[in-house]
Amino acid sequence: LTLLLLCTILNSYSQEEQFGWEPIDSTILVCQYDYFSRSILTPRNRDDMRLEIGHNLSKFYSQKTIDYKILTLTPEGRKINSEKTNDVFRRHAQAAAQGKSEAEKLAIMNEIPSFKSECIIYKNYPKGEMYVQDVAGSSLFGYYIDDYTPQDWQIEPDTMTYLGYHCQKATCTWRGRDYIAWFTPEIAVNDGPMKFFGLPGLIVKVADTDNAYSYELKGIEKINKPIYFNTKTFRKNNPEF
């Protein structure tokens, strides 16, 4: 019943007019990544990221954030959200009583439905530019145009197999950090997670050498669906942002 209700909610809010979305391209591939980050308070935080690769552009965003926003639009969705949150707290209490490790308890708490990254990155949109939508604080929605120039990659001789794909190593120094990436020429697209691109194949893994930020491919789907741009929220910029 919960799954049926979720499908009903998602279908009822899938129309682009509900959010002011307009299609700007259609997908060739949709890639799902695990995004891991750490901070002083959170030793290992995870997010579900989605890279939609189209004919002329790509879009990268947090699937968890989109799902949470859709779920909390209706009373039914907010009820499901509350039930899921209560279930997480119940399982966390059980794990604590059983003497589970801090890492195991943290993994349970990470299942609480919530906002994750609100940054949306459009590569080659408009053509030759990188359009980035983001939030400053809790309510300052805005955008900026970033430099659409690939990282200065050095392709290394090291190889490995990842998810069944033959991959090769590449390194770069970019904006104050050293990065190691793995890409597969078997998927001949010049793209990757976040703002990374410019290698002769899809980037399947990339992380800085301090392992503060990392992206790991977990699935690929060949699908033709619209890539949407939110005109209602992000067409005008907030000067404070």
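Proline 126 is placed in the loop between β4 and β5. In this predicted model, the peptide bond that leads from tyrosine 125 to proline 126 is cis, with omega near -10 degrees. Tyrosine 125 and phenylalanine 229 are both buried.

The count of aromatic pairs comes to 15. Among them is the pair of tyrosine 122 and tyrosine 131, which is edge-to-face because the planes stand at 80 degrees, with the ring centres 6.3 Å apart. Both of these residues, tyrosine 122 and tyrosine 131, are buried. Through ring pairs, Tyr122, Tyr125, Tyr131, Tyr143 and Phe229 are linked into a cluster. A contact of another kind involves tyrosine 61, since lysine 59 lies over the face of this ring at 5.0 Å from its centre.

Nonpolar side chains in soluble globular proteins tend to be buried together. In the present model the largest nonpolar core has 34 residues. Those with the most contacts inside this core are Tyr33, Phe60, Trp153, Phe196, Leu202, Ile203 and Val206. At least two core residues are supplied by each of β1 (21-37), β2 (45-54), β5, β8 (165-174), β9 (177-184), β10 (202-208) and β11 (213-222). Leaving aside residues up to four places away in sequence, tryptophan 153 touches Ala170, Thr171, Cys172, Ala181, Phe196, Phe197, Gly198, Leu199, Ile203 and Val206. A second, separate core has eight residues, including Leu57, Ile120, Tyr122 and Phe229.

Isoleucine 180 is found in strand β9. With a relative accessible area of 32%, isoleucine 180 is partly exposed. Its contacts, not counting residues up to four places away in sequence, are with Lys169, Ala170, Thr171, Lys205, Val206, Ala207 and Thr209. The C-alpha atoms of isoleucine 180 and lysine 205 are 8.2 Å apart, and the two residues are separated by 25 residues in sequence.

Strand β7 (residues 154-162) pairs with β8 in the antiparallel sense over six bridges. Glutamine 154 stands opposite threonine 171 in β8. The hairpin formed by β7 and β8 has two residues between the strands. Leucine 163, in the loop between β7 and β8, has a positive phi of about 55 degrees although it is not a glycine. Leucine 163 is partly exposed, with a relative accessible area of 49%. Arginine 175, in the loop between β8 and β9, also is not a glycine and has a positive phi of about 50 degrees. At 51% relative accessibility, arginine 175 counts as exposed, because the cut-off for that class is over 50%.

The search of the whole structure for disulfides gives zero. Cysteine 119 is buried, with a relative accessible area of 17%. Cysteine 167 is buried as well, at a relative accessible area of 0%.

How values were computed:
Residues are numbered from 1 along each chain as its sequence is written. This is a predicted model: local features need pLDDT of at least 70, side-chain atom pairs count only at pLDDT 80 or more; totals for chains, interfaces and linings use all residues. Side-chain values use heavy atoms; hydrogens and water are left out. Rings of Phe, Tyr and Trp (its six-membered ring) pair if their centres lie within 6.5 Å; planes under 30 degrees apart count as stacked, over 60 as edge-to-face and the rest as tilted. Buried means under 20% relative accessible area, exposed over 50%, partly exposed in between (1.4 Å probe, protein chains only). A charge sits over a ring if NZ of Lys or CZ of Arg is within 6 Å of the ring centre and within 35 degrees of the ring normal. A disulfide is a pair of cysteine sulfur atoms within 2.5 Å. A nonpolar core is a set of buried Ala, Val, Leu, Ile, Met, Phe, Trp, Tyr and Cys residues joined through side-chain atoms within 4.5 Å. Helices (H or I, at least four residues) and strands (E, at least two) are DSSP runs, numbered from the N terminus. Contact means heavy atoms within 4.5 Å. Two strands pair if DSSP finds at least two bridges between them.
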